[in-house]
Amino acid sequence: MTVERSRITVHGVVQGVGFRPFVARLADDLGVSGHCGNDDVSVFIEVEGPAASLSEFTRRLRADAPPMAVIVDVAVEAVPLRGDDAFRIIDSRHVAGARTLVSPDVATCADCLRELGDPQDRRYRHPFINCTNCGPRFTVITDLPYDRPNTTMAEFPLCERCSAEYRDPDDRRFHAQPVCCPDCGPHLFAEVDGERLTGDDTVLLAVQRALQDGRIVAVKGLGGFHLVCDATDSAAVATLRKRKHRPDKPFAVMTADLSVARELCRISEFETALLQHPARPIVLLRKHDSTSVSEGIAPGIDDLGVMLPYTPLHHLLFARTPGGRVTPPRTLVMTSGNLSGEPLCFDNDDARTRLRSIADVFLMHDRRIAVPCEDSVLSVDGDTVLPIRRSRGYAPLPVVLPEHSPEVLAVGAEIKNTFCLTRQDYAFCSAHLGDMGSLESLRAFETSVQQLTHLHGISPEAVIADAHPGYSTHHWAQRYSERTGTPLHTVQHHHAHVASLMAEQGLLGTTVLGVAFDGTGYGCDGTVWGGEILLVGPDVLSTRRMGHLQPFSLPGGDAAVRNPARVALALLHEAGIGNLDGLPCTDALPAAERAAVASQLVSGRGCVRTTSAGRLFDGVSSLLGVRHRVTYEGQAAIELEALARTTTHPAPLTMDVDGDQIGIHSLLSGLIAGVRGGTPPAELALGFHHALAEATATLVDFAVTTTGITTIGLTGGVFQNRLFLGLLRAHWKSSGYRVLTHHRVPPNDGGLSLGQAVIGAAATMRGP
């Protein structure tokens, strides 16, 4: 028997997740000796024993790692034998200037849930129960290293029993920084009709009664406040919409358990796994034709955003409160605690001020939230994940880069904003911050930048912004550059989209033919792009426009974005179609507005030229009578896709491909003929999706022939449309192409900062 010794270094999220006790148990199980410990960036291990045992040890380090561990890299090297007689956990080492990776917040684990429901357990019904395998992490961290004094739990000294668990390597709560119990942990309180209530069961019973009575409750969660009401109460849902100033945008719901979710939606095995993932994201699921929840939750669409409880408090909201006669809810609306367009509330006093016009009742606790974090949103494309919003449960996990990068700050887009920091071979995307249209949002953005740069010890060598001169993030980056002397780089919007996809797929250093379809992006020619085929080279700095959608005018610029009926008239004007009488888009506009739009289109005054695929979806939506005015971004396209999914019979529509352009004339002629001829709108909607997919594929095929590049990247907000995405993928199924889609960051502007960062880092490395 050959005895060997290996030194193993594990990088990733491996501190504060029970990794060292796991390693010690694994060594004991395999009968090997040695030691392990932490430093500031890794777990270091030396293990000695039979060669086969060491091989199995290395395999199981990855395969059986603790639930909250995220392993980025495992390095193994042979070292001389030392003849250890046992395996030990040794003291931590500190590396000057090093910064560890931070774990995201993780849903309550099965062991803690059992204790939560056990009347004999000392943590029975404790709203803050957690252990090494679950609970708050990112949202409570104030500094690194990740120790209790550097979290908001520092304000709650450990009691004797919790302290003993914390120090015991064999305990499930060993070095669980948020560990607590009813004696030493945070506490709930509620504010109901001017009265402050305390005592967990008293508070929960009052909140459940308020929900039953149709009232709106502001609930403080892991990363901020939710606005909550009974999802089956249409009057409560309507009241929440009115108070929140959110007339149509879908609300997410939280169900008591998976069985309730299945009563509402059709759920595949893959979607079930996503719902139950420790990140507990919101998952977009196909609704049953008839459900118990209010129609007002997701009007006009066939999807429902569903999530399962992820904190002990959530589980208690759905459980019967001892001594009470209130029937607990089964499904709750669980939407962001803010007015539409404002940043998320996460501080008690701020919530009282900003949510007092919305919430009737406040359910709070006394643990501070250090870093606000919205819920993540995912959809499913077949058996793969398509992120819509990357936030709680995933942020701040990094994207691994192929080589060490300069430290840069990329400030992202104007809507669905995130920012990105690079350090060593990592890119850290922030949690979702939302739209930058208000002073409050910009202040929240700046605070988040300060927090994350401090947390990672980063002093940016460059700041990167979108090239659009009107973006508030662009202006912020200019001010930051002037104030700090940090060089400013700007990046074209769609170039950043393609680079984002390349970075998350580990394809930096290769060439990708990117299809970047979205609503709005400042083009290199000063017009609005959004239907682009771009070739991005291995240095990620070089890009060439290989094709695009036929340009058309946006009358009134942003006014057209809010009014798809105006876009429909612009498309018809561009196609030279003049007889508009009786069309849905024409009838939707008052005569005066219609005349003003016609005048703008003829004169060109107040018009912006665009190649936007997103605006094409908007215009078609209005032309078919689906949506003429929007109250949230993407509404017209989302409702058009939902309509198209109600049929399997596409109308026979076509789009011309002429040189490097996808033309619109034949499409619009076919749509009008269909509308006037009585073709069902659903068949026309599906036919449009087929026609655009076919034309896009034809244009890409031509670019492949021209360049020889067969790696195709699909990016931009239009690729949240799973119907369109699926049609394109089906077209290329047998082509031999490698077709890339987003799995880690969103295809929409929420993923843009990653692309900006890798382009900006490459520019910084190249120098002036």
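Reader: In what order do the 5 strands of the open sheet come?
Author: In this predicted model, the order is E4-E1-E3-E2-E5 with mixed pairing, where strands are DSSP runs of E with at least two residues and helices are runs of H or I with at least four, both numbered from the N terminus. Two strands count as paired if DSSP finds at least two bridges between them.

Reader: Which are the edge strands?
Author: Strand E4 (70-78) and strand E5 (87-89) are the edge strands, since each pairs on one side only. From one strand to the next the twist averages 15°, with axes being lines fitted to C-alpha atoms, for helices over the stretch in contact, and angles running from 0 to 180 degrees between N-to-C directions.

Reader: How many bridges link E1 and E4?
Author: Strand E1 (residues 3-13) pairs with E4 over 8 bridges in the antiparallel sense, and Gly12 has Ile71 of E4 as its bridge partner.

Reader: And which helices pack there?
Author: Helix H1 (residues 19-30) packs on the sheet and touches E1, strand E2 (33-38), strand E3 (42-50), E4 and E5, its direction making about 175° with that of E5; contact here means heavy atoms within 4.5 Å. Helix H2 (residues 51-63) lies across E1, E3 and E4 and runs at about 150° to E3.

Reader: Before we go on, what are the ground rules for numbering and confidence?
Author: Residues are numbered from 1 along each chain as its sequence is written. Local features need pLDDT of at least 70 and side-chain atom pairs count only at pLDDT 80 or more, while totals for chains, interfaces and linings use all residues, and side-chain values use heavy atoms, leaving out hydrogens and water.

Reader: Changing topic, which residues have the most contacts inside the largest nonpolar core?
Author: Those are Leu513, Leu616 and Met655, in a core of 69 residues, where a nonpolar core is a set of buried Ala, Val, Leu, Ile, Met, Phe, Trp, Tyr and Cys residues joined through side-chain atoms within 4.5 Å. Helix H21 (residues 681-707) gives the largest share of this core, 13 residues. A second, separate core has 44 residues, including Ala107 and Val361.

Reader: Is Ser553 buried or exposed?
Author: Ser553, which lies in strand E26 (residues 552-555), is buried because its relative accessible area is 11%, and buried means under 20%, exposed over 50% and partly exposed in between, with a 1.4 Å probe and protein chains only. The side chains of Ser553 and Arg609 are joined by a polar contact of 3.0 Å, that is, a pair of N or O atoms within 3.5 Å, where within protein one must be able to donate a hydrogen and the other to accept it, and residues adjacent in sequence count only if both atoms are side-chain atoms.

Reader: And where does Ser357 lie?
Author: Ser357 sits in the loop between helix H10 (348-354) and strand E15 (361-365), and at 47% relative accessibility Ser357 counts as partly exposed.

Reader: Last one, how much of the protein counts as buried?
Author: Of its 768 residues, 60% count as buried.
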